[in-house]
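Please look over the sequence and the structure shown below before reading on. The paragraphs after them are meant for a reader who meets this structure for the first time.

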Amino acid sequence: MTKYLGALDQGTTSTRFIVFDRSGNIVASAQKEHEQIYPKPGWVEHRPLEIWQRTLDVIEEACSSKSLTAQDIACIGIANQRETTVVWNRRTGEPVYNALVWQDTRVGEYVAHFALEGGQDRFREKTGLPLATYFSGLKIRWILDNVEGVRAGAERGDLVFGNVDSYLLWNLTGGVNGGVHLTDVTNASRTQLMNLDTLDWDPGLLEIFDIPRSMMPSIRSSSEAYGFMAVTGLRGVPIAGILGDQHAALVGQTCFKPGQLKNTYGTGCFLLMNTGEKRVVSKHGLLTTVAYRFGNEPAKYALEGSIAITGALVQWVRDNLGLIGSSGEIETLARTVDDNGGVYIVPAFSGLYAPYWKDTARGVIAGLTRYVNKGHIARAVLEATAFQTKEVVEAMEADSGIVLDQLRTDGGMVTNDLLMQFQADLLDRDVLRPRMRETTALGAAYAAGLACGYYKDTSDLIANWHVDATWRPNLQEAERARLYKQWKKAVTKSFDWIDE
């Protein structure tokens, strides 16, 4: 049998291709960053063609590093940054505009307009999502309304939409020469255009948002054969798994039972709890989303707490303030002080996501005195991630009725021991890091592996999961309460900075 699985992990800041063996160990990998474009305050864009070129580059580089060919790869899975919106010409392959990234807030006026009738939760019953700048549907509408000639092209049937998964799949399977145009249920559930009951595009929502149905990809499960590689040295290898990155991490962490959850510490922070075949409608600011769907099995759902800015705050300190030379230096700088010196940073750069959903919030630094130095700022940067996670955990427990006994973590920030210890202290729960930290790519590989018969069932995947490190709480309750109270006060200072 073929030895390995491939996973394309296209994230907010970089693209990776990782080859895994049957035990979930990395055999080969390559990674390349792409440019972050900020044309105006609140606007965030990527160049789709740059992402496509990075994709080709990392596939070739990873395979070349170990002399891997198509005969060595059983199948490939795709994990992708969710909600990031691409519209392109199906006849030429050319994007009509830069990709609008999930963090982009330019559709705030649309959010306010559609909320006038029915409020922010107007579409929550159908989609599980509040009206917010986060999701793809309003980004499509903005491109249709603001880029010359696009609406006419869409109505002629020349233009198509996709989150990044659809855009890459179309190109990988041939592009203008027969590329397949589809998405999986997890990505579709992040558009605010899919009905969670039918798992199909909702005609009423498409009409309200004024988006032609012809633009939309077909919706399939997260684990099935979609098409074959038509480019690179992996021509002919099946592409058989697609998952939005956070759903892929849930699968990579083998959270297959209702009540199991994981938290991914990346550009943003995303806490997902598997709720099984039951849709739980949140009353505490969380999202209801499709967790995954394997083949013809019923879809599994999840509650999600989405935090916009966590690792991106470290990047901001590095790139905009120049306080550190690399992201890894943030922990060293934070360890030069014993505490945050009374400083709290609320990184509402794109508004506040869960559990507040306030598009008009903006970032604040509170509690500054002459005593504060850059070490305190660095510590407050890390603590902001843990505070935001605690808020989401409280909402998750309130919605689910389940008191969490531990937190499984993954993502780039989990190598930061200071952050992980503070997270355990703040939650008063054990925090666990798995041995394999690339759980997003691993989840995509697992979805593909299930579809192509590389694995028998999910029990094979569960056997691969092992703990690498555990952090146990070590903070007095009075101090925990004091820190959290001050954080809550700082959050209120970020509210309504932008006038409606």
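This is a predicted model: local features need pLDDT of at least 70, side-chain atom pairs count only at pLDDT 80 or more; totals for chains, interfaces and linings use all residues.

Residues are numbered from 1 along each chain as its sequence is written, and side-chain values use heavy atoms, with hydrogens and water left out.

Helices (H or I, at least four residues) and strands (E, at least two) are DSSP runs, numbered from the N terminus. Two strands pair if DSSP finds at least two bridges between them. Strand 2 (residues 14-20) pairs with strand 3 (residues 26-33) in the antiparallel sense over seven bridges. Here Val 19 stands opposite Ala 28 of strand 3. The two strands form a hairpin with five residues between them, and Gly 24 in the turn has a positive phi of about 85°.

Strand 21 (residues 406-410) and strand 22 (residues 430-434) run parallel and are joined by three bridges; Gln 406 has Asp 430 of strand 22 as its bridge partner.

Two packed helices are described by the angle between their axes and the distance between the axes. Axes are lines fitted to C-alpha atoms, for helices over the stretch in contact, and angles run from 0 to 180 degrees between N-to-C directions. The axes of helix 12 (residues 374-400) and helix 16 (residues 477-494) come within 11 Å and cross at roughly 90°. That makes helix 12 roughly perpendicular (65 to 115 degrees) to helix 16. Among the residues in contact (heavy atoms within 4.5 Å) are Phe 387 and Gln 388 of helix 12 and Trp 487 of helix 16.

Where is empty space left? Rolling a probe the size of a water molecule over the atoms shows this. A cavity is a set of points on a 1 Å grid over the protein atoms alone where a 1.4 Å probe fits but cannot get out, and its lining residues have an atom within 4 Å of a point. The largest cavity is lined by 15 residues, of which Ile 307, Leu 352, Tyr 353, Ala 354 and Gln 388 lie nearest its centre. Strand 18 (300-307) and helix 12 are the elements that give two or more residues to this lining.

Methods: Angles under 35 degrees count as roughly parallel, over 145 as roughly antiparallel, 65 to 115 as roughly perpendicular and the rest as oblique. On a 1 Å grid over the protein atoms alone, a cavity is a set of points where a 1.4 Å probe fits but cannot get out, and a pocket is an open set with protein on both sides within 12 Å along at least five of seven lines; lining residues have an atom within 4 Å of a point.
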